[in-house]
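Here is a short report on one protein model. Keep the sequence and the 3D view open as you read.

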Amino acid sequence: MPSASPNYVSMSEFPSQREGDANSILGKMDGVVRRAGNAVTGTAAHSAIPESIDDDEASVAVKGKQPDKHSMDYVIRSGIAGGIAGCTAKTTVAPLDRVKILFQTSNPQFVKYQGSWAGFGIAIRDIYRNDGLFGLFRGHSATLLKIYPYAAIKFVAYEQYRALLIGSNRQNETWLRRFSSGALAGVTSVFFTYPLDVIRVRLAFETRHRHMSLIETCKKIYNEQPLPKPSITATQSGSGVTATVAEAATSTIQAVTPHSGLVNFYRGFSTTILGMIPYAGVSFLTHDTVGDILRSPSIRKYTTLPKPVNAPAEKPAPLRSWAELTAGGISGAVSQTVAYPLEVIRRRMQVSGAVGDGRRLRIGETASLVFRERGIPGFFVGLSIGYIKVVPLAAVGFYTYERLKILFNI
């Protein structure tokens with residue numbers, strides 16, 4: 001006899017022992033999330049699934065109405081889900097992020113470790129030996145302060161842009177609309193949270209025995225000056241009159257342009273925007289595309305779960321844990337490869353005031369410096385380590401967000 005209890009979980013929801021303990025744990029997590037989502041929506045008592053129905057084939061007959069994505073309730077729920085997902089993912093890879101930043105910015109104490117997997121392990125060992133476990137998470141508090149609003153804004157913005165550009169019409173699910181939704185979401189989120197990222201990178205870059213406090217770091221960034229541009233001479237311009245006019249115009253521009261202050265907290269911002277457009281756009285595009293592939297009719301019984309109770313008819317079935325993690329990991333790897341050169345330039349710009357004479361470099365100057373030091377490979381320094389970080393980061397982030405969407409009924 002099938003059980004009528006709403007909290008009953010069919011044994012078919014759990015993989016066999018032959019599939020391994022890891023898959024068993026993930027399967028249990030899927031079951032918990034589905035039951036919790038039913039409890040939150042208050043509909044679990046009306047949707048018992050007989051134990052004779054296999055988990056891969058079970059379907060929910062009741063269809064919910066399309067949620068209003070522009071409502072404040074939806075925005076708050078998706079924001080909370082996105083913020084939690086971002087913090088969970090970032091905490092998972094915090095030690096890897098610390099080492100990647102040290103490599104990207106050519107920190108003098110860690111340059112010798114670049115270019116090998118053994119060097120990565122040695123860098124982890126040295127940080128742990130000198131600063132303990134806390135050293136591997138230096139700057140992580142600032143990271144969480146930045147990543148929660150960043151991830152919350154990013155996912156909220158993506159849902160809003162997606163509703164605007166795609167809506168509920170599946171015919172609008174084109175690669176261009178998906179890319180545009182992701183790119184706009186990334187630009188929106190980074191605009192509001194960029195200063196916190198500058199502070200986080202600076203804190204992670206510091207390796208001296210006496211570490212500056214958060215307030216000292218902010219003061220140092222605030223007071224840093226840019227490198228002055230060379231004066232225009234008569235020999236360069238071709239005539240004395242032209243040189244005088246050009247030099248006067250340059251001096252006027254420099255006089256009215258901020259050289260320090262709050263503008264320093266947006267160091268590398270233009271490069272960030274240029275990098276964020278392909279990164280966020282490709283990330284969401286790849287995740288959604290891989291999700292479509294995994295939901296194709298020929299394999300969906302192995303990759304998808306039953307739809308949650310009262311899920312809208314046009315909403316696709318959620319992926320199993322391993323499939324969702326796979327889609328997120330692939331999206332992270334592809335987007336990282338596309339945007340990595342601009343990320344290297346941005347990191348070097350952010351810490352330029354921490355080395356040399358304390359003056360900041362511009363985009364072109366930073367790119368030239370990287371090219372002179374290492375050539376084209378210099379723009380991909382730490383990419384392999386970046387994969388180690390970004391693949392689990394994206395996988396955990398998308399997985400957590402998608403499961404919280406089920407829990408919050410969004």
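Which residue forms a salt bridge with Lys220? Glu224 does, with the closest N and O atoms 3.5 Å apart. A salt bridge here is a side-chain nitrogen of Lys or Arg within 4 Å of a carboxyl oxygen of Asp or Glu.

## Basis of the model

This is a predicted model: local features need pLDDT of at least 70, side-chain atom pairs count only at pLDDT 80 or more, and totals for chains, interfaces and linings use all residues. Residues are numbered from 1 along each chain as its sequence is written, and side-chain values use heavy atoms, with hydrogens and water left out.

## Overall build

The protein has 14 helices and 2 strands. These are DSSP runs numbered from the N terminus: helices are H or I with at least four residues, strands are E with at least two. The protein has 410 residues, and 47% of them count as buried. Buried means under 20% relative accessible area, exposed means over 50%, and partly exposed lies in between (1.4 Å probe, protein chains only).

The accessible surface comes to about 20200 Å² (Shrake-Rupley method, 1.4 Å probe). Carbon and sulfur atoms hold 64% of that surface. Contact means heavy atoms within 4.5 Å. Among contacts with a separation of 6 or more, 77% join residues 24 or more positions apart.

## Salt bridges

The whole structure holds 11 salt bridges. One of them pairs Glu159 with Lys69 at 3.5 Å, N to O. Glu159 lies in helix H5 (residues 140–165) and Lys69 in the loop between helix H1 (21–41) and H2, so the pair ties together parts 90 residues apart in sequence. Glu159 is buried at 3% relative accessibility. Lys69 is buried too, at 18%.

Arg162 bridges to Glu173, with the closest N and O atoms 2.2 Å apart. Arg162 sits in helix H5, and Glu173 in the loop between H5 and helix H6 (175–205). Both residues are buried.

In the Lys220 pair, Lys220 is partly exposed at 29% relative accessibility. Elsewhere, salt bridges with shared partners join Arg162, Glu173, Arg178, Asp288 and Asp292 into one network.

Gly86 lies in helix H2 (residues 72–92). Gly86 is buried, at 12% relative accessibility. Leaving out residues up to four places away in sequence, Gly86 touches Ile147 and Ala151. The C-alpha atoms of Gly86 and Leu393 are 8.5 Å apart, across 307 residues of sequence.

Helix H14 covers residues 383–407. Of its 25 residues, 18 are buried. After H14 comes Asn409, with a positive phi near 60°.

Definitions and conventions: Expected span 1.5 Å × (residues − 1).
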